Amino acid sequence: MLTLENITKVFYPGTVNEKAALIDINLHINKGDVVCIIGSNGSGKSTLFNIIAGTYPVTNGTITFDGVDITGKAEYRRAMTIGRIFQDPTKGTAANMSVEDNMITAETKGMKRLKISLNNAKREEFREILKQIGLDDRLKDNVGLLSGGQRQALTLLMTAMSRPKMLLLDEHTAALDPRNAQIVMDLTERFISEQKLTALMVTHNMQFAIDFGTRLIMMDEGRIILDVSGEEKKDLTVDKLVRLFRDIRKKTYATDAALLTTD
Amino acid sequence: MIEGIFVDGLIFSLMVIGILISYRILDFADLTCDGSVATGAAVATMAIVSGVPISIALVFAFVSGVIAGMVTAAIHNKLKIPGLLAGILTMTMLYSINLRILGNKANVPLLRVQTLYTKLPAFFSFFKPEIASLVGTLLFVLVVKSLVDLWFRTDLGVSMGAMGGNEQMVISQGINPDVLKLMGIGLSNGLIALSGGLLAQYQGFADANLGQGMVVQGLAAIMIGEFLFSSNRISLITLRAIFGAIIYKALLFFGRKYGYLVNITPNDFKLLTGILVIVSLFIAQGRSAASSRGARKKALARKTAQEETDAYA
């Protein structure tokens, strides 16, 4: 479904601030995969998502989605088939507009036409959808009045309405309290299984990454250092994961450590 | 006399709606306005002077504004420079263009030709001439306002509002924000130029310096309007912009008439308008803090009510 070949992303090339955020990434995501991506801050998880979504261009490599080369495609074009939810709950909805206006914008993807789709039948439909998150009486309220958890749940429902082929979840519950995070996560799971979606999810919770999804990828310093799926993933525990991580890191850093310590 | 304030305010209100679209709905600080209002006046005047029917002349004025706005949006989109700078560039270039349109004259009078404001009294001959001008302008403004309201209720219009609130969201919905900006800033400046076209006919001449300081005046009118009532419905938002425009013009009128009593001359109006905007922003800030406090209280009340019903269940 999604194939990344030799993807490299260098920020500020040729300056003192030069930073290689992704180094020669090769990754193939099959249809129906639900992938958890873990890794410490600065390991390249977010950059990977931004590259897939098209927020910025790659320095090198090709991205193929559904058999089509999308490497040079603009972000808004990729968004036609790739849904994305951000960590920041304010990014997925427009605060200055009512809930119903937000939903009508999300209902169909692509450039809108000069017709008025929002009528009472649609409102009834939206009310039904909103019942899942208990917002059915707030259709006319501005989204800015909702809480972070409510906004993130609404974003998720809106993404589900537009029926993407693939879903990118960028730590989308990290800014929420545990109860709201659970609500949003339950919705996410239901929505992935109902629409049989392919999904990529960034998380910092290792136990969660082990329990959720069909595949686990660990990133470090712009590289994919671990990629497990199937039975192998089921056998994982947090301890094993940490041990694996240490083993891999030791190999690469033994030399660096020797350079840096003097005693 | 009093009718004059209303006609002036209504003509001005079209420009205020234009500024409302760029500043409030699209969240795009657009200064093209200072140039495009004069372009509209110049185009309408030259068209009427050369014998084009008034309605067609107003269409020309509108289209000239749309083009001016699209130039600003295109500069912003293609060169990735802030909208503010793009607007200043277009505005500056428009000054020369406006002089060209006016045949290299700083102003062109509309003497001895029929304009909207000589025709209206004849058309509504059962009214006094001043009332006839007022009724005609009111009808015109109401029609334009309704069309704008309709536009922003369509799916396209709603997505423009969404872009003003959150550009990332629009991108995530597969919409090219550059195209929305082209259309939105175009529409905004089209209305501004239309207002210029009416103004030229009302005052009887087009002037290359007509647009100076118009943006700030328009913002002042928007803010006055926002004090009247709060709403997220487009029809009420444009309505309060119209009220704001009329109130602003009334303030100017009384300033001109009675200002000498407190030693204020028309030279001070720009300063006072600026201060009005700053004070409005200051009050709006206090208000938004108060309303978020109110929202928190409401949310708490809802929660308590929920807990009570839970306790009974």
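**Reading the helices of a two-chain predicted model**

Chain B has 12 helices and two strands, in a model that is predicted. Followed along the sequence, chain B runs α-α-α-α-β-α-α-α-α-α-β-α-α-α.

Me: Why are helix 1 of chain B and helix 6 of chain B called roughly parallel?

Reply: Helix 1 (residues 2-25) of chain B packs on helix 6 (residues 129-151) of chain B at an angle of about 20°, with the axes 9 Å apart. Angles under 35 degrees count as roughly parallel, and therefore helix 1 of chain B and helix 6 of chain B are described in that way. The crossing of these two helices is left-handed. Residues of helix 1 of chain B that make the contact include Phe6(B), Leu10(B) and Ile17(B), and those of helix 6 of chain B include Leu134(B), Leu138(B) and Val148(B). By class, this contact has 12 nonpolar, three polar and three charged residues.

Me: How do you know whether helix 2 of chain B is roughly parallel or roughly antiparallel to helix 3 of chain B?

Reply: The axes of helix 2 (residues 33-49) of chain B and helix 3 of chain B cross at roughly 150° and come within 8 Å. Angles over 145 degrees count as roughly antiparallel, and that makes helix 2 of chain B roughly antiparallel to helix 3 of chain B. Their crossing is right-handed. Among the contact residues are Gly35(B), Gly40(B) and Ala44(B) of helix 2 of chain B, together with Ala57(B), Ala61(B) and Gly65(B) of helix 3 of chain B. The contact of these two helices has 10 nonpolar, seven polar and no charged residues.

Me: Why is Ile67(B) counted as partly exposed?

Reply: Ile67(B) is found in helix 3 (residues 54-79) of chain B and has 15 C-beta neighbours inside 10 Å. A buried residue needs 20 or more, and an exposed one has 12 or fewer, so Ile67(B), with 15, counts as partly exposed. The C-alpha atom of Ile67(B) is 6.4 Å from that of Gly186(B), a residue 119 positions away along the chain.

Me: What makes helix 1 of chain A largely enclosed by the rest of the structure?

Reply: Helix 1 (residues 45-53) of chain A has nine residues, of which seven are buried, so this helix is largely enclosed by the rest of the structure. The buried residues are Lys45(A), Thr47(A), Leu48(A), Phe49(A), Asn50(A), Ile51(A) and Ile52(A). Just after this helix, Gly54(A) takes a positive phi of about 95°.

Me: What does chain B bring to the contact with chain A, and which helix of chain B gives the most?

Reply: The contact takes 22 residues from chain B and 30 residues from chain A. On the side of chain B that touches chain A, helix 7 (155-165) and helix 8 (167-172) of chain B each supply at least two residues, and helix 7 of chain B gives the most, with eight. The residues on that side of chain B comprise eight nonpolar, 12 polar and two charged.

Definitions and conventions
Residues numbered from 1 in each chain as written. Chains lettered and ligands numbered in written order. Predicted model: local features only at pLDDT ≥ 70, side-chain atom pairs only at ≥ 80, totals over all residues. Contact = placed C-beta atoms within 7 Å. Helix = DSSP H or I, 4+ residues; strand = E, 2+ residues; numbered from the N terminus. Nonpolar A, V, L, I, M, F, W, Y, C, P; charged D, E, K, R; others polar. Axes fitted to C-alpha atoms, helices over the stretch in contact; angles between N-to-C directions. Parallel < 35°, antiparallel > 145°, perpendicular 65-115°, else oblique. Left-handed = near helix turned anticlockwise from the far one by under 90°.
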